[in-house]
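User: Could you walk me through reading salt bridges and burial in a structure like this?

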Amino acid sequence: MKTRCVFSTPDLAAARAFMSAARQAGIPDDGISLIAREDIELQEVPDHRMTAGTDFYPAAARGAACGGGTGVLLGLIAVAVPPLGVTLAGAAAIALAGAAVGCWTGALIGTDVPDAVHRKFKDEIAQGRILVVIDATKDALGTACPALLATGAKHLPLHAHPEVPQLAGAA
């Protein structure tokens, strides 16, 4: 299972040095992404390095789960009420319809909600700092930690309890 860690760098040159150190320490290239102020992203950050700025996919998944659960509940109630005459196949169709509507609604809402990293570190981003987001296993992060911190990047705690013990003192 991958863990997400966020580091703050003062500029793109420092972010590039950090990314190089991360790759040399064994962090896969697809586990490294950048977040910056919009004007910096447009001018200097390559598209494949930018993270999604919204909660579109997580919101769609939550919507599908909630809508599907609601659909199952309503479908079972419809089966249990004899005058409605709904079969189990009808209940399954109601569940699928609920999941589809929930997914669609969640996705629409998620397009307007900033993702967790953008929400938590909006001040860092507004100050023009470039955030480097690392998605890797705890073992890989533990091994890479000394090299990452040696670049001068500042570890930003994303969660209340840091998931990688070696990074706890870096915040």
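This is a predicted model: local features need pLDDT of at least 70, side-chain atom pairs count only at pLDDT 80 or more; totals for chains, interfaces and linings use all residues.

User: How many salt bridges does the structure hold?

Analyst: Side chains of opposite charge can pair when their charged atoms come close. The structure holds four salt bridges. One of them pairs Asp29 with Arg23, with the closest N and O atoms 3.3 Å apart.

User: Which residues do shared partners join into one network?

Analyst: Start with Glu124, whose side chain meets Arg129 in a salt bridge at 3.0 Å, N to O. Glu124 also forms a salt bridge with Lys154, at 3.3 Å. This second pair links distant parts of the chain, since Glu124 is in helix α6 and Lys154 in strand β4, 30 residues apart. Through the shared partners, Glu124, Arg129 and Lys154 form one network.

User: Is Glu124 buried or exposed?

Analyst: Buried means under 20% relative accessible area. Glu124 has 13%, so Glu124 counts as buried. Lys154 is partly exposed, at 39%.

User: And what does Leu148 touch?

Analyst: Leu148 lies in helix α7 and is buried, because its relative accessible area is 1%. Leaving out residues up to four places away in sequence, Leu148 touches Phe7, Phe18, Ala21, Ala22 and Ala153. Ala21 is 127 residues from Leu148 along the chain, yet their C-alpha atoms are separated by 6.2 Å.

User: Which residues make the nonpolar surface patch?

Analyst: Leu73, Leu74, Ile77, Val81, Leu84 and Ile94 make this patch of about 510 Å². Helix α3 gives the most, with three residues. Val81 sits in the loop between α3 and α4 and counts as partly exposed at 33% relative accessibility.

Terms used
Residues are numbered from 1 along each chain as its sequence is written. Side-chain values use heavy atoms; hydrogens and water are left out. Patches are made of residues with over 30% relative accessible area and no salt bridge: like charges are joined within 9 Å, nonpolar side chains (Val, Leu, Ile, Met, Phe, Trp, Tyr) within 5 Å. Accessible areas come from the Shrake-Rupley method with a 1.4 Å probe; for residues, only the protein chains shown count as cover. Helices (H or I, at least four residues) and strands (E, at least two) are DSSP runs, numbered from the N terminus. Buried means under 20% relative accessible area, exposed over 50%, partly exposed in between (1.4 Å probe, protein chains only). Contact means heavy atoms within 4.5 Å.
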